[in-house]
Every structure is written in structure tokens, then in C-alpha cells.
Amino acid sequence: MNDPGVSRLALLRFLERVQERDLARTRRWIADEEAREAERRVGEQRRPPAPEWLIERGLDRSNIVAIHTGECWDPGKRVRPATRAQAIDALRHQVPACAKCRPDTVLGIEV
């Protein structure tokens with residue numbers, strides 16, 4: 001800073017170039033973040049609605065293990081969407097209702 005060969009004006013011009021580069025980088029970051037937000041919103045709009053009912057199958061796929069509501073927090077790994085009629089039919093055929101989400105209570109069926 002104390003170099004007599006460098007003028008104060010030259011130092012200020014250098015600082016201006018550095019700050020313009022930093023501002024351009026910050027604007028790129030902002031544009032990138034806005035693009036990510038737009039993609040996230042589009043993804044949320046295109047996401048299919050969650051199923052209202054789930055049927056959990058066993059390892060052999062012919063065995064139904066439990067019935068869940070679509071909002072159940074513990075449905076297991078082998079679940080498939082089901083209609084209301086399929087859920088009611090399964091409960092009436094003695095398929096167990098999930099003990100956490102209680103689809104039988106939601107459907108008004110006593111098991």
C-alpha cells in the first residue's frame with residue numbers, strides 16, 4: 001500500500017474490478033438458486049397425489065400382510081396403492097389393519 005509507484009486511483013480501480021467480479025459471481029449464484037427453486041416447484045406440481053390406501057404384501061406377493069392409510073408413517077417396503085373398495089374388502093377378509101394408522105377406524109369397520 002505504501003509503494004510510491006502505485007497511485008491511489010490505480011488501487012481503487014483494482015478494487016472496483018475485484019468487487020465487480022465478486023458481484024457477478026454472486027449474481028450467478030442467485031440465478032442458479034432461483035433455477036433450483038423453480039425446478040423444485042415444478043416437481044412438486046407434477047408429483048402424483050399420494051394414494052389414499054395402501055396394501056402391504058408379503059414376500060411371495062400373494063400374501064397380504066396389512067392395510068394402511070396413505071398417510072401411514074410405517075407402511076413397510078412392499079406396499080402398493082389401493083382403492084377404498086379394495087381396502088374395505090381386504091379388511092372384511094381378515095387382513096390385519098396397521099396398528100399405527102388404524103385404517104379400519106378411518107373406514108368405520110370393526111375387526
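Guide: Helices (H or I, at least four residues) and strands (E, at least two) are DSSP runs, numbered from the N terminus. What you have here is a predicted model, where local features need pLDDT of at least 70 and side-chain atom pairs count only at pLDDT 80 or more, while totals for chains, interfaces and linings use all residues. Residues are numbered from 1 along each chain as its sequence is written, and side-chain values use heavy atoms, leaving out hydrogens and water.

How far to trust it? The protein chain has a mean pLDDT (the predictor's confidence in each residue, from 0 to 100) of 90, with 96% of its residues at 70 or more.

The part I'd zoom in on is helix α2, residues 84–92. Ala87, Ile88, Ala90 and Leu91 of α2 are buried, meaning under 20% relative accessible area, with exposed being over 50% and partly exposed in between (1.4 Å probe, protein chains only). Look down the axis of α2 and its buried residues fall within an arc of 165°, so they line one face of the helix; the arc is that of the directions from the helix axis to the C-beta atoms. Ala85 and Arg92 are exposed, sitting on the face of α2 turned away from its buried side.

So what covers that buried side? Among the elements that do are β1 (53–57), β2 (64–69) and α3 (103–107), contact being heavy atoms within 4.5 Å. The two strands in that list belong to an open sheet of three strands, in the order β2-β1-β3, with antiparallel pairing. β2 and β3 (79–82) are the edge strands, each pairing on one side only, and the twist averages 30° from one strand to the next.

Zoom in on the pairings. β1 and β2 run antiparallel over five bridges, and Arg57 has Ile64 of β2 as its bridge partner. Their hairpin has six residues between the strands, and Arg61 takes a positive phi near 65° there. On the other pairing, four bridges join β1 to β3, again antiparallel, and Trp53 stands opposite Ala82 in β3.

Now slide off the end of the helix. Just after α2, Gln94 takes a positive phi of about 70°, and it isn't a glycine. Most residues other than glycine have a negative phi. Gln94 is in the loop between α2 and α3, exposed at a relative accessible area of 67%. Arg102 lies in the loop between α2 and α3 too; its phi is positive, about 50°, although Arg102 is not a glycine. Arg102 counts as partly exposed, at 33% relative accessibility.

Methods
Pairing = 2+ DSSP bridges. Axes fitted to C-alpha atoms, helices over the stretch in contact; angles between N-to-C directions.
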